[in-house]
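Morning, everyone. Please look at the screen.

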Amino acid sequence: SCSPDRQAWAMAAIAAPAGGAGRSKVAPSVDFDHSCSDSVEYLTLNFGPFETVHRWRRLPPCDEFVGARRSKHTVVAYRDAIYVFGGDNGKTMLSDLLRFDVKDCSWCRAFTTGTPPAPRYHHSAVVYGSSMFVFGGYTGDIYSNSNLKNKNDLFEYKFATGQWTEWKTEGRLPVARSAHGATVYSDKLWIFAGYDGNARLNDMWTIGLQDRELTCWEEIEQSGEIPPSCCNFPVAVCKDKMFVFSGQSGAKITNNLFQFEFKEKIWTRIPTEHLLRGSPPPPQRRYGHTMVAFDRHLYVFGGAADNTLPNELHCYDVDSQTWEVIQPSPDSEVKPSDFISNCRALVPWLIQTITKEKSSLQHSIEIVGVEYDVTGKLLFITLPFFVLFFPQLPSGRLFHAAAVISDAMYIFGGTVDNNIRSGEMYRFQFSCYPKCTLHEDYGRLWENRQFSDLEFVLGEKEERVRGHTAIVTARCKWLKKKIMHARERVKQQDIEEEGHSTCQKEGAGGSVKLCRLQPLLEVPIREAEAQPFEVLMQFLYTDKIKYPRKGHVQDVLLIMDVYKLALNFKLSRLEQLCLQYIEASVDLQNVLIVCENANKLQLDQLKEHCLNFVVKESHFNQVIMMKEFEHLSSSLIVEIVRRKQQPPVRTHSDQPLDIGTSLIQDMKAYLEGAGTEFCDIILLLDGHPRPAHKAILAARSSYFEAMFRSFMPEDGQVNISIGEMVPSKQAFESMLRYIYYGEVNMPPEDSLYLFAAPYYYGFSNNRLQAYCKQNLEMNVTVENVLQILEAADKTQALDMKRHCLHIIVHQFTKV
């Protein structure tokens, strides 16, 4: 819960003046504290100007007299500069080192001394301390196709002195290679896979970078689901793990994402289940792309994907394990594209052409303005009736390179259409919002069973599992009916025995009845045993299940029992999760056991999968020689033999996969009316009642959790305020949407009321406040400035009030 001091401090922070009164665009990136609510960093409003999040911006390209256009090079970031090394210009390999100052947006050749690495491409470069390390790559004369070979040398470049030094080490060396992956972790350089001139690799090597005299190369013994041998792929480190996505691996090329645990040295292939998670699919398989890490996200751009050069930016959330395509901000469209660069001479022609076309339509035209940037490139032409804009989104490309400085990604060069090398530099502005904790918050409620109000009595053994009416009835209609039957039974017993209902009408709640059931409502479920039912309950609270050991027979059988329950309870989403796990787990060692169990449980789709697995040419002889085959039921043996002799014709259904509804969708419907009959608390907003659910409020807010645990009001009514301020009804509904299903979109005036709510109510992090901050800094307009001014006055947010008055004075006639 929040102390009065915390509340007062929160309100003081929102009222404190911050920043100037310039025109705002979007909130800048903020370092957020992702831990418990007690340590949430309190944000203050600011009024820019700031860079718009998710904005692409074309920066000055590298001039030919500084350095050639190129691809297959590397870029690294050090302080406020991007360093470009090597690559090829289409004719020769390069060994120059270029420097781009991100503050001045200026190019120059970096100062160097000593002997640099030989010209090369498809090498790797990383930064450690105040040095850049370059390893391997392909050298030779590509024009004459002579002396071409891979390298395994290691060079250090010191940024402070410009000194190049080659590291000579004792002992075994990695095989010479190019197009490999490289990163730095725990004071070591890590090298993975690549191409040695004859074959693709998937070995891993590491070398300490702290002391050149004492270090040596060491080959790492990898385990787990090691990626196939591959090359031309990127690696990125996020949350103490290394990630590898796609790449060239011959016929096996896939769009798989793998993660490597540095400490355990274990690889894992990450399943995405994008349909079940309601997220877009992973990017297409590709090679020659880039991937960088920022906050909890991986960003994949470009590459060659099935003979195309896509230019979408894909983002992977490491926490939720979901992909999405980032939509560029609208103002990513306001600078010249490649074909308009250096085009002062084109302006009169463009104007003449437009005038000619319009005059044919008997329209006269007057040029209002023509604007250039500092390099003389056309920005836009203003006419009386429209403005011509030229896009600045990067085109699709491969063998480019990317690096991160602060909260932005910089992409340079690459091969674009028609095998042309590029000298372009692009900047992409990241967003950095705390993650949504909805699933984790409800998951904790399930784990600690606090505020449980029902108890399921399961199977013949009558094992007991506790739960929460609000969550269960929101997620599963089958269990909702069981709970309603149990309530009616208890109600009938009370009428007969005591003569009155345990559900009392509350005065402040109007016609809404608050549930006054006995402490734990018993709900018998004869169809379920405790262990699979608990897995099902975990899914109801979190929208996922913790997969057990893949392929382990007992664990597969457990998930089969869960699958059976999901079919009975009509939980389509859980059905598909179980089916995916079981089908991925079927192997030669367990297929007969799984098939027999599927036959016994009448799981026809799973049985079909097992039969098809058994009769495969590469499996059949091994399976029928197993001892387990002798103990199969005779009907199943007959079915296998017939399937082998005459495989059924496979039919493809055009029916879309029913993936059911998600946790977010169910909780949204619950708040909007589906959960009214299960309300057990009344929230009073300025005397007006709003029915709600204790378990949901407690799961999402430490303020409500402490209240319900320590001093729950006897009349079931709670007054709502944020500090000394009572939010508007509209803002309060916005807060409930955030509590129930994580919604953060709201009108700007609501954001002002709720700016202090995450701190006051003890939410898990300041995600809501971060969105409120962005909403306010970006969306104050002449259309809504009066409503926001009114809210600012009511909340005593002096900086916002001053900002609104500034807009009103300068846009008085429009307001």
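Is Phe260 buried or exposed? Phe260 is buried, because its relative accessibility is 0%. Buried means under 20% relative accessible area, exposed over 50%, and partly exposed in between, with a 1.4 Å probe and protein chains only.

A word on the source. This is a predicted model, where local features need pLDDT of at least 70, side-chain atom pairs count only at pLDDT 80 or more, and totals for chains, interfaces and linings use all residues. Residues are numbered from 1 along each chain as its sequence is written, and side-chain values use heavy atoms, leaving out hydrogens and water.

Now the pairs. Rings of Phe, Tyr and Trp (its six-membered ring) pair if their centres lie within 6.5 Å; planes under 30 degrees apart are stacked, over 60 edge-to-face, and the rest tilted. The structure has 39 aromatic pairs. One of them joins Phe260 and Trp267: tilted, 5.0 Å between centres, 45° between planes. Trp267 is buried too, at 1% relative accessibility.

Next, Phe704 and Tyr761. Their planes meet at 15°, so this pair is stacked, with centres 5.5 Å apart. It links distant parts of the chain. Phe704 is in helix H17 (residues 702-710), Tyr761 is in helix H20 (residues 757-761), and 57 residues separate them. Helices here are DSSP runs of H or I, at least four residues, numbered from the N terminus. Both Phe704 and Tyr761 are buried. They belong to one aromatic cluster, whose members include Phe451, Tyr738 and Phe763.

Last, charges over rings (NZ of Lys or CZ of Arg within 6 Å of the ring centre and within 35 degrees of the ring normal). Arg449 sits over the face of Trp446, 3.5 Å from the ring centre.

Key: Helices (H or I, at least four residues) and strands (E, at least two) are DSSP runs, numbered from the N terminus.
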